[in-house]
Amino acid sequence: LGGAFAGAILFIGFFVGTSLFLVPVAFFGVASSLKGFRVFAAIASVAIGMWFFAQGASGLVLFYNVSIRNANYSIVGLPSAKNIWLVSDDEWGDTLSADIKKYAEANVLKISPAAVDSVANAADTLDIAIILTDSVSDSSLVRKIGVIKFIGEKNSQTILQFAKFLSIYNFKKRYGRGFIFNWSADGSQTQTK
């Protein structure tokens, strides 16, 4: 709200709200002379201290468990991939290869669909396979590396969109396991595994 009047109203509201809860505390001074009250206060302070300790310890355990669980993942994408295996049987593979070489520091290796099974054995877990053809079975690749599959009509515009998508998008994957991501120029992307 701003302004001096609104600040004064806020302070008065805070003062009234906290005063209602602090009025009973004034009577604790009289109760402190009673031995039973002092014993109760000591027991309550130990119990509250143990509760806070348990809350803090459980937070540390939770943080530690989440850290260990997250350690089983890696982030892969064009800039961080060791090798990019481009599976294509037409000239669009050459076009995409030239486009993604601008963004990737990795080796961009264009292979034929017949060589997919040999890639599955030779690939590193941080490699990415990009498939531009429908004639490839990606099941052998998906077990180990990330597979990004182009779906739809190929033309210069969609290949350029695909290359730009690949340059900015990264994938989170478990170590030793792959994934498949189906990319389509119409925006219907799906990720499985």
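Reader: To start, how many aromatic pairs does a search of the whole structure find?

Author: The search of the whole structure finds 11 aromatic pairs, where rings of Phe, Tyr and Trp (its six-membered ring) pair if their centres lie within 6.5 Å, planes under 30 degrees apart counting as stacked, over 60 as edge-to-face and the rest as tilted. In one of them the ring centres of Tyr-169 and Phe-171 are 4.8 Å apart and the planes stand at 70°, so this pair is edge-to-face. Please keep in mind that this is a predicted model, in which local features need pLDDT of at least 70 and side-chain atom pairs count only at pLDDT 80 or more, while totals for chains, interfaces and linings use all residues. Residues are numbered from 1 along each chain as its sequence is written, and side-chain values use heavy atoms, with hydrogens and water left out.

Reader: Where is confidence lowest, and where highest?

Author: On pLDDT, the predictor's confidence in each residue from 0 to 100, the lowest mean is 57, in strand 8 (residues 190–192), and the highest is 89, in helix 7 (residues 156–168). The protein chain averages 80, and 89% of the residues score at least 70. Where pLDDT is low, the predicted coordinates should not be read in detail.

Reader: How many helices and strands are there in the protein chain?

Author: There are seven helices and eight strands, taken as DSSP runs numbered from the N terminus, with helices being H or I of at least four residues and strands E of at least two.

Reader: Changing topic, how many salt bridges does the count come to?

Author: The count comes to two, a salt bridge being a side-chain nitrogen of Lys or Arg within 4 Å of a carboxyl oxygen of Asp or Glu. One joins the side chains of Lys-110 and Asp-94 at 3.1 Å, N to O. That pair links distant parts of the chain, with Lys-110 in strand 3 (residues 107–111) and Asp-94 in helix 4 (residues 92–100), 16 residues apart. There is also a salt bridge between Asp-99 and Lys-102, whose closest N and O atoms are 3.7 Å apart. Asp-99 is buried, because its relative accessible area is 12%, while Lys-102, at 63% relative accessibility, counts as exposed.

Reader: What about Asp-127, and which side chain of opposite charge is nearest?

Author: Asp-127 is buried yet has no salt bridge, and the nearest side chain of opposite charge, Lys-82, is 6.9 Å away; in this scheme Lys and Arg count as positive and Asp and Glu as negative, with His and the chain ends not counted. Asp-127 sits in the loop between helix 5 (116–122) and strand 4 (128–131).

Reader: What does the side chain of Asp-127 have a polar contact with?

Author: A polar contact of 3.0 Å joins it to the side chain of Trp-85. By definition this is a pair of N or O atoms within 3.5 Å; within protein, one must be able to donate a hydrogen and the other to accept it, and residues adjacent in sequence count only if both atoms are side-chain atoms.

Definitions and conventions. Buried < 20%, exposed > 50% of the residue type's maximum accessible area, 1.4 Å probe, protein only.
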